[in-house]
Amino acid sequence: MSLRSLPHADPGVPDTRSGFRFLLWLEQRQIAGQIKATLWGTLHMAAVACIPAAVGLAVQAVVDRSGGRLALSGGLILVLGVVTALGDTMLHRTAVTNWIVAAARVQLLLSRKTVELGSLLTRRVAAGEVVAVSTGDVEKIGWFVEALARFASSVLVTAGVTAALLVYRPELGLIVAAGVPVLALAVLPLLPHATRRADEQRAKAGKATELASDTVAGLRVLRGIGGEELFLSRYRRASQDVRSAAVRNARMWALISAVQVALPGLLLLAVTWYGARLALDGRITVGELVTVYGTVVFLLFPLRGFEEIAMAYSFSRPSAKRAAGVLALRRDAAAGDGDGGEAGADGVRPPAGDLYDPLTGLLAPAGELTAVVCGDPDAAGALADRLGGHSPDRTEGTPSVLLGGTALDELPLAAARAAVLVQDKDPVLLSGTLSELLDVPASGNVAPAEALAAAQCGDVLDALAQASVDDSGDPMRSRITERGRSLSGGQRQRLALARSLVADPEVLVLDEPTSAVDTHTEARIAQGLRALRADRTTVVLTSSPLLLDRADRVVFVEDGAVRATGTHRELLRADLGYRAVVTRETEPELRASARLQKAEESA
């Protein structure tokens with residue numbers, strides 16, 4: 001595969017049973033590229049291996065005072081130099097292509113898995129771990145793919161040169177044939193220790209990455225509570241742990257490198273000493289001694305490939321295991337993907353009608369603004385997930401939420417997402433311009449300007465216009481940093497709400513959409529939301545009186561079931577539990593207030 005064909009149209013279905021099987025699957029997917037790299041590597045090393053023979057012929061020609069043979073040897077060395085340059089160039093080109101293609105394939109697989117799982121991914125795998133897998137681990141996996149072709153070339157050339165020496169000079173060839181396997185296998189007893197230390201370093205590096213990611217994500221909160229130094233000290237300790245593990249790992253690989261230098265040196269001394277004795281006895285010529293010596297020196301080159309593949313595998317195996325672990329994640333079988341899983345919603349008309357949850361008894365009539373009050377914020381988040389269908393927390397036998405009588409869990413995932421859009425309490429803003437942020441799949445009935453106005457984003461637009469990098473002053477062209485960290489919490493919430501309003505789904509579920517907004521802005525958002533979503537089904541999970549007062553109906557959910565239904569004012573008068581959640585008063589305080597009020601009325 002060439003780089004022009006990237007990205008892959010179909011990256012394939014990976015074998016995620018283990019890290020080794022995942023690496024094997026990658027090799028099988030690009031076997032043609034590996035064969036090309038191996039052939040070019042073999043040509044390159046074979047040309048280099050022939051140079052000592054050409055030099056030996058030249059030395060012997062000088063000894064014999066043969067100008068013709070000396071010229072022939074010089075021409076042969078020149079040809080071998082050209083072939084060496086060609087082979088090295090093409091080896092590098094094909095090997096790096098294999099690296100990039102493998103890395104691109106893994107990154108595409110990870111991207112698709114991220115899209116498939118959505119918010120479920122970070123519930124099962126820490127965000128820092130996902131970052132580490134998609135960056136450092138991908139690079140190490142690509143390194144192994146690249147190194148494998150060079151290793152295959154090294155094996156072929158080493159075996160071929162050893163056999164050639166046995167034929168050329170059996171006396172010296174036997175020493176080389178006996179020593180090469182020892183050199184190739186000498187580091188094997190050290191590899192388990194090196195692998196364990198590499199795993200230890202990778203695990204500590206992953207924890208440090210997670211800590212750094214979490215710290216950066218919560219930097220604004222940390223500054224607010226004065227916790228920066230605490231987290232900084234934690235990261236310092238984690239960083240020092242990584243450094244210590246890296247030093248221990250480097251020491252082991254330094255030992256392996258020392259073995260790879262010392263043992264070939266001893267073999268070279270043995271061949272040189274014995275070859276010199278043979279030359280002194282007249283059993284071999286000086287040219288033959290130079291040829292054997294140069295060939296043994298050359299063997300140090302392919303033998304380095306054995307060390308490289310050992311190092312590459314030791315680092316890439318745990319990386320492949322982690323990547324396979326992420327790629328093996330699936331939505332729970334009980335919350336399956338319906339008929340078609342990730343298939344597009346093309347040809348599947350989204351259902352319409354009332355939204356009904358049989359588990360809690362919640363009913364959101366079509367075309368109305370329904371507010372839902374839950375005493376437990378975690379229960380509200382879980383309910384929002386359920387209302388969107390294909391909930392990751394759904395268990396076997398749990399009934400599906402119905403939209404117009406159609407079970408959302410039985411629809412393809414894309415069709416369910418097109419029908420019901422759920423905005424959780426912590427929506428993510430991707431980096432890019434405001435125009436790109438609002439460029440989402442939508443019905444086309446709501447313009448970005450209308451959505452921004454309904455979400456009361458006027459001050460956000462003014463701030464973005466002032467921060468614009470060009471002279472246009474157009475806030476739509478202003479860039480938003482990752483996760484909107486340059487904005488306040490309320491500004492991020494309002495932009496996220498505008499994005500959801502632009503999508504204009506059949507059913508919109510909002511989980512605490514105004515929790516970080518001041519009361520005056522919240523009142524205007526409530527009015528704008530009601531006006532823009534007129535005749536569309538909207539469910540808002542909130543305990544804000546301003547939003548509750550503008551809802552067509554309010555549903556109070558307690559202990560996983562609907563406890564009361566009515567308007568905000570009706571429930572305030574009739575249900576003490578509802579009033580306690582909304583007003584933040586305890587039920588005993590409310591009962592005492594009610595008794596006092598009755599006593600005053602009686603008096």
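Buried residues (under 20% relative accessible area, with exposed meaning over 50% and partly exposed in between, using a 1.4 Å probe and protein chains only) make up 44% of the 603 residues in the protein chain. This is a predicted model, in which local features need pLDDT of at least 70 and side-chain atom pairs count only at pLDDT 80 or more, while totals for chains, interfaces and linings use all residues. Residues are numbered from 1 along each chain as its sequence is written, and side-chain values use heavy atoms, leaving out hydrogens and water. The protein chain has 21 helices and twelve strands, taken as DSSP runs (H or I of at least four residues for helices, E of at least two for strands) numbered from the N terminus.

**Confidence**
- The chain averages a pLDDT (the predictor's confidence in each residue, from 0 to 100) of 84, and 90% of the residues score at least 70.
- Strand β10 (residues 537–541) has the highest confidence, at a mean of 96, and helix α8 (residues 219–225) the lowest, at 57.
- Over residues 333–346 pLDDT stays under 50, and the model has 30 contacts (heavy atoms within 4.5 Å) beyond four places in sequence for them.
- Where pLDDT is low, the predicted coordinates should not be read in detail.

- Of the contacts between residues at least 6 apart in sequence, 77% join residues at least 24 apart.

- Ser 500 is in helix α16 and counts as buried because its relative accessibility is 7%.
- Leaving out residues up to four places away, Ser 500 touches Leu 421, Gln 423, Pro 505 and Leu 508; its C-alpha atom is separated by 8.5 Å from that of Val 422, 78 residues apart along the chain.
- Ser 319, in helix α10 (residues 286–327), is buried because its relative accessibility is 0%.

**Salt bridges**
- The count is 20 salt bridges, each a side-chain nitrogen of Lys or Arg within 4 Å of a carboxyl oxygen of Asp or Glu.
- Glu 308 and Arg 150 form one, at 2.4 Å from N to O; this pair links helix α10 to helix α5 (residues 127–168), across 158 residues.
- Arg 169 pairs with Glu 288, with the closest N and O atoms 3.0 Å apart, and both residues are buried.
- Asp 549 and Arg 569 meet at 3.3 Å, N to O; Asp 549 is in helix α18 (residues 545–549) and Arg 569 in helix α19 (residues 568–574).
- Asp 549 is partly exposed because its relative accessibility is 33%, whereas Arg 569, at 52%, counts as exposed.
- Shared partners join Asp 504, Glu 506, Arg 533 and Arg 536 into one network of salt bridges.

**Surface**
- The chain exposes about 29,400 Å² (Shrake-Rupley method, 1.4 Å probe; for residues, only the protein chains shown count as cover), and carbon and sulfur atoms supply 59% of it.
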